[in-house]
Amino acid sequence: MDKYKNVNVDKLANIYFEGNVISRNIFFKDGSRKTLGVMLPGKYEFNTEARELIEIISGKLNLKLQNYDDWKLIKDGMDFNVPKKSSFKVNVLELVNYTCSYFND
């Protein structure tokens, strides 16, 4: 899906890591929320409250999930899941466009 239709979007961006990671919340009629964002090259660590599905629209990064020893290459067209109350590290190799879905289960 290249576009989301009939959504509400926060005007104010979520800005992390001195502006190197920026996203915006989008809200769907069913009450669900996603973020659309961009990550510039660099190393970042994120914490989760809810379970997340992160889809890479374009770009390339290395991913390390909490409690895993190995890094995994993730690139455009791929996705990954992160458990709730967890963390993950990314090493962004080239500018990444992504969307993140949140699940309360």
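Is Asp105 buried or exposed? Asp105 counts as exposed, with a relative accessibility of 53%, where exposed means over 50% relative accessible area, buried under 20% and partly exposed in between (1.4 Å probe, protein chains only). The model is predicted, so local features need pLDDT of at least 70 and side-chain atom pairs count only at pLDDT 80 or more, whereas totals for chains, interfaces and linings use all residues. Residues are numbered from 1 along each chain as its sequence is written, and side-chain values use heavy atoms, with hydrogens and water left out.

**Salt bridges**

- Two salt bridges are counted, a salt bridge being a side-chain nitrogen of Lys or Arg within 4 Å of a carboxyl oxygen of Asp or Glu.
- Asp105 forms a salt bridge with Arg51, with 2.8 Å between the closest N and O atoms; this pair links distant parts of the chain, since Asp105 lies in the segment after β9 and Arg51 in strand β6, 54 residues apart (strands are DSSP runs of E, at least two residues, and helices runs of H or I, at least four, numbered from the N terminus).
- Arg51 is partly exposed, at a relative accessible area of 26%.
- Glu49 and Lys85 meet through their side chains in a salt bridge at 3.0 Å, N to O; because Glu49 lies in the loop between β5 (42–47) and β6 (51–65) and Lys85 in the loop between β8 (79–82) and β9 (87–103), the pair ties together parts that are 36 residues apart in sequence.
- Both Glu49 and Lys85 are exposed.

**Aromatic rings**

- The structure holds five aromatic pairs, counted for rings of Phe, Tyr and Trp (its six-membered ring) whose centres lie within 6.5 Å, with planes under 30 degrees apart called stacked, over 60 edge-to-face and the rest tilted.
- One of them is the edge-to-face pair of Tyr4 and Phe28, at 5.3 Å centre to centre and 90 degrees between the planes, in which Tyr4 is partly exposed at 25% and Phe28 is buried at 19%.

**Charges over rings**

- The charged end of Arg33 sits over the ring of Tyr102, 4.0 Å from its centre, the criterion being NZ of Lys or CZ of Arg within 6 Å of the ring centre and within 35 degrees of the ring normal.
- Arg51, also the salt-bridge partner of Asp105, has its charged end over the ring of Phe103, 4.2 Å from the ring centre.
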